Every structure is written in structure tokens, then in C-alpha cells.
Amino acid sequence: MTTIGVFALQGNVREHLAMLTEVGVEALAVRRPAELEQVDAMVLPGGESTTMYKLARSFELFEPLQKRIADGMPVFGTCAGMIMLADEITGGISGQETLGGLDVTVRRNAFGRQVDSFEADLEFPGFDTPYHAVFIRAPWVERVGKDVQVLSTVRSGPAAGRIVAVRHDRLLATSFHPEMTGDARLHGYFAELVRDR
């Protein structure tokens, strides 16, 4: 049985655990290095990216996570999780660290503050119908490396054309919160990616 962990020190942990269970994998809340050792892959949820990296340091999870990512562990980063995976961020606080591994530049809070939250239908390769996405203080991707696949962009409005979902090999990242939609297709896509590696 595939086991996928969810970084459980901050963010929408329960919602991701429920979605992963729905798509047929064992889901585990990860707060300590010993729990990280039990999983085949990880989800980095939405939350507050600066708080997440500080908590990861406090709980001695930062370096073990960084090493597992460098060694090829599949990871799905959503919203703040996308920021945590990015090799480079703009709009971060001084000294903000990321786990890295994803060759992109991500702009933190690119879509604005909480009051600027919005929803949009997105096209995804392999999905028969649009994916309804929820954006809350969301980042966007400003630069992608040559091996990074753009999976989805905003279709209309002032942010039309902005990149909001990417994949590089075993790493998947979205600007939005797929755990808040009731649509488990992206979690299923990630589970297949984990099983196929």
C-alpha cells in the first residue's frame, strides 16, 4: 500500500488526509523525522510559508525533508507548499528558506491579500472537464526551468496567463487549494505519479 504523508505542523492537514484516503492511499500526518521515514511521498499543504519553514526547523524536519526531496521523493505542494518547493521566491521575508527541488521562481501572495481570494475553472491535461480551483492569498509562478511542465494557467481576468500549476518529474505544485474543492482528481493524479515512480 502506498503511504503519502502530509506535513502536519501547519495548514489544511485534515482536508488533505481525507482527499488522499479518498483516492486509495494510506495517509499519514507527519510532524517528526521518524514519521517522515514511514512515507513514500509527501504533501506540503497551504498555510503560511514563513511559519511552515520555521516550524520545520523547530521540529527538526527541515533537513530530513530537504534530503528526501533531493533523493527523489515525490512531493505535492499546494499554495504555501508550492512556495516551500520552489528553488527561488520573490516577495518573501528576509532570510526565508525553502526546501527547494522545483526549478521555478514563485511570487509569494501574488494574487493579493485574503480579501482578493477568488475561484476559477482551470484546464488540465488529461482532465475531461475543468477543475474548479480556490485561490487564497495565492502565489503564482513567474519563471519555469527548461524541464518544468506547465500544467495550468489562469484563463481570464487580470491574472490571465499566469502559471498556477506545474510539474517537474516527481514534484507537483499548485497555487491553489485542491483540498478545498471536493474534487479529488489532482490528489489521484499525484497518487498515480507516486505509484508509477
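User: Before we start, what are the ground rules on numbering and pLDDT?
Analyst: Residues are numbered from 1 along each chain as its sequence is written, and side-chain values use heavy atoms, with hydrogens and water left out. The model is predicted, so local features need pLDDT of at least 70 and side-chain atom pairs count only at pLDDT 80 or more, while totals for chains, interfaces and linings use all residues.

User: OK, helix α1. Which residues are buried?
Analyst: Val-13, His-16, Leu-17, Met-19 and Leu-20, in a helix that runs over residues 13-22. Buried means under 20% relative accessible area, exposed over 50%, and partly exposed in between (1.4 Å probe, protein chains only). Helices (H or I, at least four residues) and strands (E, at least two) are DSSP runs, numbered from the N terminus.

User: Why do they line one face?
Analyst: Seen down the axis of α1, the buried residues fall within an arc of 165°, so they line one face of the helix. That arc is taken from the directions from the helix axis to the C-beta atoms. In general, an α-helix has 3.6 residues a turn, so residues three or four places apart point the same way.

User: What covers that side?
Analyst: The cover includes β1 (3-7), β2 (26-30), β3 (41-44), β4 (75-78) and α6 (185-196). Contact here means heavy atoms within 4.5 Å.

User: And which exposed residues sit on the face turned away?
Analyst: Arg-14, Thr-21 and Glu-22.

User: What follows α1?
Analyst: Gly-24, with a positive phi near 90°.

User: Switching to charges. How many salt bridges?
Analyst: The structure holds 11. The criterion is a side-chain nitrogen of Lys or Arg within 4 Å of a carboxyl oxygen of Asp or Glu.

User: What does Glu-97 pair with?
Analyst: Arg-57, at 2.6 Å, N to O. Glu-97 lies in the loop between β5 (86-90) and β6 (102-107) and Arg-57 in helix α3 (residues 49-58), so the pair ties together parts that are 40 residues apart in sequence.

User: What about Glu-88?
Analyst: Glu-88 forms a salt bridge with Arg-143, with the closest N and O atoms 3.9 Å apart. Glu-88 is in strand β5 and Arg-143 in strand β9 (residues 140-144), 55 residues apart. Glu-88 is partly exposed at 40%, as is Arg-143 at 32%.

User: And Asp-71?
Analyst: Asp-71 meets Lys-67 at 2.7 Å, N to O. Asp-71 is exposed at 55%, and Lys-67 is exposed at 53%.

User: Back to the loop between β5 and β6. What does Gly-91 touch?
Analyst: Leaving aside neighbours within four places in sequence, Gly-91 is in contact with Arg-107 and Arg-108. Gly-91 and Arg-108 are 17 residues apart in sequence and 5.2 Å apart in space, C-alpha to C-alpha. Gly-91 is partly exposed at 47%.

User: How many aromatic pairs?
Analyst: Seven in the whole structure. Phe-124 and Phe-127 have ring centres 5.4 Å apart and planes at 35°, so the pair is tilted. Rings of Phe, Tyr and Trp (its six-membered ring) pair if their centres lie within 6.5 Å; planes under 30 degrees apart count as stacked, over 60 as edge-to-face and the rest as tilted. Phe-124 and Phe-127 are both buried.

User: Which rings cluster?
Analyst: Phe-124, Phe-127, Tyr-131, Phe-135 and Phe-176 are linked by ring pairs.

User: Last one, the largest nonpolar core. Which members touch the most others?
Analyst: Ile-4, Phe-124, Phe-135, Phe-176 and Phe-190, out of 36 residues. A nonpolar core is a set of buried Ala, Val, Leu, Ile, Met, Phe, Trp, Tyr and Cys residues joined through side-chain atoms within 4.5 Å.

User: Which element gives the largest share?
Analyst: α6, with five residues. Another core of 33 residues lies apart from this one, and Phe-62, Met-82, Val-106 and Ala-173 are among its members.
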